[in-house]
Structures are given as structure tokens and as C-alpha cells.
Amino acid sequence: MSTYKLTYFNGRGRAELVRLVFVAAGVPYEDVRIEMSDWPALKPSAPFGQLPILEVDGVKLCQSNTMARYLARKFNLAGKTELDQARADMIVDCTEDAIKPLITFRFEADETRKAELKKKYVEEQLPNFLSLLEGILKTNNGGDGFFVGDGLTWADLCVITTYDRLKMVGTEAEFAKHPKLDTLRQRIAAVPKVAEWLAKRPVTDF
């Protein structure tokens with residue numbers, strides 16, 4: 001059996017989707033959380049100078065979605081057919097696009113500009129992305145099952161991490177305006193292994 005070691009800061013951030021794939025699959029892994037002060041010493045050993053890092057039998061992987069995709073395929077959470085796998089990848093990529101503007105305004109130093117960017121995001125960009133995602137969801141079983149196929153995939157888990165990021169900046173209320181998508185989020189969060197993790201995971205700032 002392979003061994004897995006995930007290294008990231010003490011937060012959800014870019015590592016949480018990877019953790020959720022492990023959790024949903026019921027596969028044990030080492031969850032290494034470092035402090036910001038530890039990062040300068042570790043950085044030279046990081047293949048791309050960034051976190052998270054996933055070590056599989058000692059081999060290092062970077063890029064969080066690459067890690068999550070690899071694990072999803074290995075643990076049968078990527079989609080049963082090649083087309084389903086491609087659609088799951090598409091959905092994950094769409095959630096990335098939905099979050100990028102959030103990152104922009106979150107780290108904007110000018111408060112006036114920050115408020116303008118957040119307003120545009122909440123009123124225009126985020127509703128558009130969530131509507132598109134819900135539209136895709138509805139094409140599969142009317143939106144009452146999963147994003148693709150008839151079983152859980154990493155695309156469904158990504159709904160939880162997207163909601164987490166929105167909640168971090170106080171923009172999660174928009175989810176409730178997209179009932180099929182919000183119901184999916186609640187349904188995935190209620191999956192026993194996922195629910196157990198969400199209840200016990202460390203409370204962090206990000």
C-alpha cells in the first residue's frame with residue numbers, strides 16, 4: 001500500500017480539496033501542517049517553491065488540483081467514464097475561475113478599490129459563475145444527484161471547498177440563491193465520512 005504525506009500551512013486553503021478526497025475515499029494519510037515561520041526553511045525543498053506538497057511513496061507532487069485529480073482517479077472518485085472524468089475536471093476548473101476574483105480583492109491593499117472589486121464580485125461575477133455551475137448540475141438527473149454520473153466525484157467535493165472560500169470573505173449567502181447547488185453542498189457535507197471530517201477538522205483562519 002502506498003504512503004501519503006500532505007504538507008501545507010495550518011489552514012484549509014489550497015490543500016482542503018486534497019484532504020477531502022482522502023477523507024471520502026477512507027484512505028489514511030499524514031496531514032502535516034506548518035507555521036508560516038517554518039516555510040523559509042522548507043521552501044528550497046519544494047519542487048516549485050510553493051505549498052501544498054503531496055508525497056506519494058516519497059515522490060513529491062505539487063499543484064493542488066493535480067494532486068486531487070491524481071488521488072481521485074486512484075480512489076475511483078474521478079468519474080466512471082472518460083467523458084465523466086473530463087466533465088468533473090471541467091467543473092473543478094470552473095470553480096477555480098469563480099474564486100480568482102475573490103483572491104484579487106481579498107489581497108487588495110487600497111480599501112476603496114477593494115470595496116469596488118468585492119461589490120462587482122458579489123453582484124456580478126459570483127452569481128454568474130454559480131448560475132453556470134447550477135446549470136451544469138441540472139443536466140445530470142435534474143440536479144438532484146451528483147455533478148456527473150451516479151456517484152460522488154471530486155467535482156462534488158469541490159463544492160464544499162468553494163463554499164469555504166466564499167464564507168471566508170463573507171460572500172457565501174449567494175449560494176442560497178442557487179437551491180440545487182446549495183442542496184448538493186448540503187448533501188455532500190452529510191456524507192458520513194465527509195461530515196465526520198467537517199466536524200473535527202481544525203478551526204483555522206483560512
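In this predicted model, helices α4 and α6 pack at an angle of about 10°, with their axes 9 Å apart, and the two helices are therefore roughly parallel to each other, given that angles under 35 degrees count as such. Helices α1 and α3 form another packed pair, with axes that come within 8 Å and cross at roughly 10°. Both α4 and α6 also give two or more residues to the lining of the largest pocket, whose volume is about 360 Å³.

**Packing of α4 with α6**

- On the α4 side, the residues that meet α6 are A88, D89, I91, V92, T95, E96, I99, L102 and R106.
- On the α6 side, the residues in this contact are W154, A155, C158, T162, R165, L166 and M168.
- Sorted by class, the contact of α4 with α6 holds 10 nonpolar, 2 polar and 4 charged residues.

**Packing of α1 with α3**

- Helix α1 spans residues 16-25 and helix α3 spans residues 64-74, and with their crossing angle of roughly 10° the two are therefore roughly parallel to each other.
- From α1, the residues L17, V18, V21 and F22 meet S64, N65, M67, A68, L71 and A72 of α3.
- By class, this contact of α1 with α3 comprises 8 nonpolar and 2 polar residues, and no charged residues.

**N65 in helix α3**

- N65, which has its place in helix α3, counts as buried because its relative accessibility is 15%, and the cut-off for buried is under 20%.
- Leaving aside residues up to four places away in sequence, N65 touches L17, V92, E96 and W154.
- Among these partners of N65, L17 belongs to the α1 side of the contact with α3, whereas V92 and E96 in α4 and W154 in α6 take part in the contact between α4 and α6.

**The largest pocket**

- The largest pocket, with its volume of about 360 Å³, is lined by 15 residues, of which Y8, G13, R14, R106 and F206 are the closest to its centre.
- The elements that give two or more residues to this lining are β1 (4-9), α4 (82-106) and α6 (154-168), and the largest share, 4 residues, comes from α6.
- In terms of class, the residues of the lining divide into 7 nonpolar, 2 polar and 6 charged.
- R106, one of the residues closest to the centre of the largest pocket, is also among the α4 residues that meet α6.

Technical notes
Residues numbered from 1 in each chain as written. Predicted model: local features only at pLDDT ≥ 70, side-chain atom pairs only at ≥ 80, totals over all residues. Heavy atoms only, no water. Axes fitted to C-alpha atoms, helices over the stretch in contact; angles between N-to-C directions. Parallel < 35°, antiparallel > 145°, perpendicular 65-115°, else oblique. Contact = heavy atoms within 4.5 Å. Nonpolar A, V, L, I, M, F, W, Y, C, P; charged D, E, K, R; others polar. 1 Å grid on protein atoms, 1.4 Å probe; cavity = no way out; pocket = protein on both sides within 12 Å on 5 of 7 lines; lining within 4 Å. Points joined across faces, edges and corners; volume = space filled by probe spheres on them. Buried < 20%, exposed > 50% of the residue type's maximum accessible area, 1.4 Å probe, protein only.
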